[in-house]
Amino acid sequence: MRTREPQALGEGTLERMARILAARNIDPAAVAASADEPEPYSPLSALANAIPPRYQDATATHPQVLAWTREVAEQAVAPSLGARPQVTTGPSLLLAGVVGTGKTHEAYGAVRYLVEAGLGVRWRATTAADLYAHLRPRVGVDSERELAAVSRCPLLILDDLGAAKSSEWVEEITYRLINRRYNQMLPTMITTNLRIKDLRDYLGDRVASRLAQMTTRVQFDDVDRRRLRAA
């Protein structure tokens, strides 16, 4: 492949640029300085870009969810002197209740709480159905590598567990994901519309057993707040 060497700007071009900037009362030195300076990093701006628009203003208000955020914050570790503490390990939550009770809202609100508390949080959010679709074997995609990345993520929101159609493959993938996070004690927030008994029927004893050990169950009132707001 042929490559071209970068070409220097001619004096005429530089003079024209200088005249344009002068006509607009722009200091060429300021332009050059700003081009060299990286934009300041803002964790809150990064958070806003990552959270879906519907949950941009989400805040955690449930007492058990707030207690979880405080426990995770207490276990955060600074990688070096003066560095921000990072979320690396901690307990997990199982947020259970019917559709529309605010489970996903609370989960995103918990992430916001941790970021606003000044912690470094590498996190990921996905619905269970989207995760299965992403991990299905297909040409050009290393599904094992993708599963490993999700499994190692320091903080994971796994939304709507139990909403996808059950199968042996779904049960196996869920077991491998949950088991890895269980062994590494990585904080995971799981939302589901199913009861624990139904989760056992849906995912099998191995997954249900690990969920029972690694999570604190938070039961939401059986009131669909979305329908109430619409009414």
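This is a predicted model: local features need pLDDT of at least 70, side-chain atom pairs count only at pLDDT 80 or more; totals for chains, interfaces and linings use all residues.

Residues are numbered from 1 along each chain as its sequence is written, and side-chain values use heavy atoms, with hydrogens and water left out.

**Stop 1: the sheet.** Select the strands (DSSP runs of E, at least two residues, numbered from the N terminus). In what order do the 5 strands lie in the open sheet? The order is β2-β3-β4-β1-β5, with parallel pairing. Two strands pair if DSSP finds at least two bridges between them.

Now colour β2 (123–127) and β5 (215–219). Both stand at the edges with a single partner strand each, so one side of each has no neighbour in the sheet. On average, neighbouring strands are turned by 15° against each other, direction ignored. The axes behind that angle are lines fitted to C-alpha atoms.

Stop 2: Select β1 (residues 92–96) with β5. They pair in the parallel sense over 5 bridges. Zoom in on alanine 96: its bridge partner in β5 is glutamine 219.

**Stop 3: aspartate 160.** Find aspartate 160 in strand β3 (residues 155–161). Its phi is near 60°, a positive value in a residue other than glycine. Aspartate 160 is partly exposed, at 29% relative accessible area. Buried means under 20%, exposed over 50%, and partly exposed in between (1.4 Å probe, protein chains only).

**Stop 4: methionine 185.** Move to the loop between α8 (168–184) and β4 (188–192), where methionine 185 lies. Helices such as this are DSSP runs of H or I, at least four residues. Phi of methionine 185 is near 55°, again positive in a residue other than glycine. Is methionine 185 buried or exposed? Methionine 185 is exposed, with a relative accessible area of 54%.

Methods
Axes are lines fitted to C-alpha atoms, for helices over the stretch in contact, and angles run from 0 to 180 degrees between N-to-C directions.
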